[in-house]
Amino acid sequence: MRYNAGSEVYTQALAQALAHHHEVHVFSRQQNKFVPDYALQKEVDPTDPRIALHIMNLPQSLDQYRHRSVDEQFGLLLDQLQPDLVHIGHLNHLSTSLVFEAHRRGISLVFTLHDYWLMCPRGQFLQVRPQNGSDLWPLCAGQDDRTCAERCYARFFSGALEEEASDIAYWMHWVQRRMAHIREVCAVIDLFIAPSHTVLQRFRDEFGLPANKLVYLDYGFHHERLQGRLRTPGEPFTFAYIGTHIPAKGVHHLLEAFSRLSGQPLLHIWGRPLGVETDSLHVLLKAMPVEVQARIRWMGEYRNTEIVQHVFNHCDVIVVPSIWLENSPLVIHEALQARVPVITANAGGMAEYIQHEMNGLLFAHRNPAALAEQMQRLVLDPAFAQRLGERGYLGTDDGNIPAMTAHLQNLERLYEQVYARRKEGA
């Protein structure tokens, strides 16, 4: 509940749905530097008091991936609660080895793959160090120990040329150990759920997860939170970005593309201010013409339950310009349910849910000029944008995205299957 990105929003929505028929506990983390590492506190979710939260504090050691103290406290919690099943949303900033605590106790384990973190130590197959100065955050072709060391962990090198070989060797060994450990973690997971075919295929074909342990299941949504969109009259044609202010989300490409547009459209940038990242975007903005700056508005953070009222009622198009190969962006689904067209890249899970000129527009991935071209089409023809929005989600005849009720029924069937298999093998 302390974080408002896609995996957290989905997990909270799922927990709220589960709480109608099940006892639900959430083991999560916070980063409070005034509290010791590994301090555990119990709360309830303020949106639903039926959901118990067990919050581990990890401000100083969040870059580690294994924490014995986290494992021990998770094991004690399992002994106290005696759960039938553990559903993992992510292990980053917790401890990868906590899965062994559940496995030793014969507890079923399900894992939703929100990104590539299991097969890529940084989660998004984006390299930190560019091979040349013009291609910031280049895409990575696949996990390789030496590439990881040279392109992502070079930021931890000493900087001395005579020590570079030993630095590379150290981080290659670190990555190798990390990946070997992750494979041990994956071996005890009963089932992996992939919300996009892109993610499923990469984990199956590149990482080697067994096909019988992988299943595709798109996210589920509370439809009642996405009803009643009524575009506010009298406002200029408006693009909206919803997300964190980080390079991976491509918001800097969106600013560049918007600066190329003719006409008088607006751009609303939604998302919690993020320190130096947000400040850097403002620096980019200052280099643009004053008349462009005047049409870009920083809207701050919004509550996901109020996305229609605060966001969709005040925009005509949602732009998803991510420079990594996104999984199954929640914002694309939410926009389609509200019948708002989407412009996004022709790559990854983004392109799975948008068909060009059917329910949105696609542009060449990581290409601001191509993005500007598609945005300009809708500025010149707002009626076309409205027609695109009417189609909605392509996976259903009525254009509605998967409802949380149906999603939960599918999940419960999967839970029952892995629970039964675990009991049979005990």
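**Helix packing, loops and buried residues in the predicted model**

In helix H7, residues His-253, Leu-254, Glu-256, Ala-257 and Phe-258 meet Pro-368, Leu-371, Ala-372 and Met-375 of helix H13, where contact means heavy atoms within 4.5 Å. The model is predicted, so that local features need pLDDT of at least 70 and side-chain atom pairs count only at pLDDT 80 or more, while totals for chains, interfaces and linings use all residues. Residues are numbered from 1 along each chain as its sequence is written, and side-chain values use heavy atoms, with hydrogens and water left out. Helices (H or I, at least four residues) and strands (E, at least two) are DSSP runs, numbered from the N terminus.

H7 spans residues 251–259 and H13 residues 368–380; the two pack at an angle of about 55°, and their axes are 8 Å apart. H7 is therefore oblique to H13. Axes are lines fitted to C-alpha atoms, for helices over the stretch in contact, and angles run from 0 to 180 degrees between N-to-C directions. Angles under 35 degrees count as roughly parallel, over 145 as roughly antiparallel, 65 to 115 as roughly perpendicular and the rest as oblique. The crossing of H7 and H13 is right-handed, meaning that the near helix is turned clockwise from the far one by less than a right angle.

Helix H5 (residues 164–187) contains 24 residues and reaches 35 Å from its first C-alpha to its last, close to the expected 34 Å. The expected span of a helix is 1.5 Å times one less than its number of residues. For helix H15 (residues 404–425), the 22 residues should span 32 Å, and the end C-alpha atoms are 31 Å apart, which agrees. Buried means under 20% relative accessible area, exposed over 50%, and partly exposed in between (1.4 Å probe, protein chains only). Buried residues of H5 include Trp-171, Trp-174, Arg-178 and His-181, and their cover includes H3, helix H4 (145–151) and E6. In H15, the buried residues include Met-404, His-407, Glu-412, Tyr-415 and Arg-422. The buried residues of H15 pack against helix H1 (6–18), helix H3 (98–104) and strands E4 (85–88), E5 (108–112), E6 (191–194) and E7 (214–216).

Most residues other than glycine have a negative phi. Tyr-38 is in the loop between strand E1 (24–30) and strand E2 (40–45) and is partly exposed, at 22% relative accessibility. Arg-366 lies between strand E13 (360–363) and H13. Tyr-38 is also among the contacts of His-67 beyond four places in sequence, with Leu-58, Ser-61, Leu-94, Ser-95 and Ser-97. His-67 is in the loop between strand E3 (48–57) and helix H2 (68–81) and is buried, at 1% relative accessibility.

Glu-334, in helix H11 (residues 330–337), is buried as well, with a relative accessible area of 4%. Neighbours within four places in sequence aside, Glu-334 is in contact with Phe-221, Leu-226, Asn-304, Ile-307 and Phe-312. Glu-334 and Asn-304 are 30 residues apart in sequence, with a C-alpha to C-alpha distance of 9.9 Å.

With a disulfide taken as a pair of cysteine sulfur atoms within 2.5 Å, the count is 0. The sulfur of Cys-120 is 6.4 Å from the closest cysteine sulfur, in Cys-148, and is therefore too far for a bond. Cys-120 is buried at 7% relative accessibility, and Cys-315 is buried with a relative accessible area of 0%.
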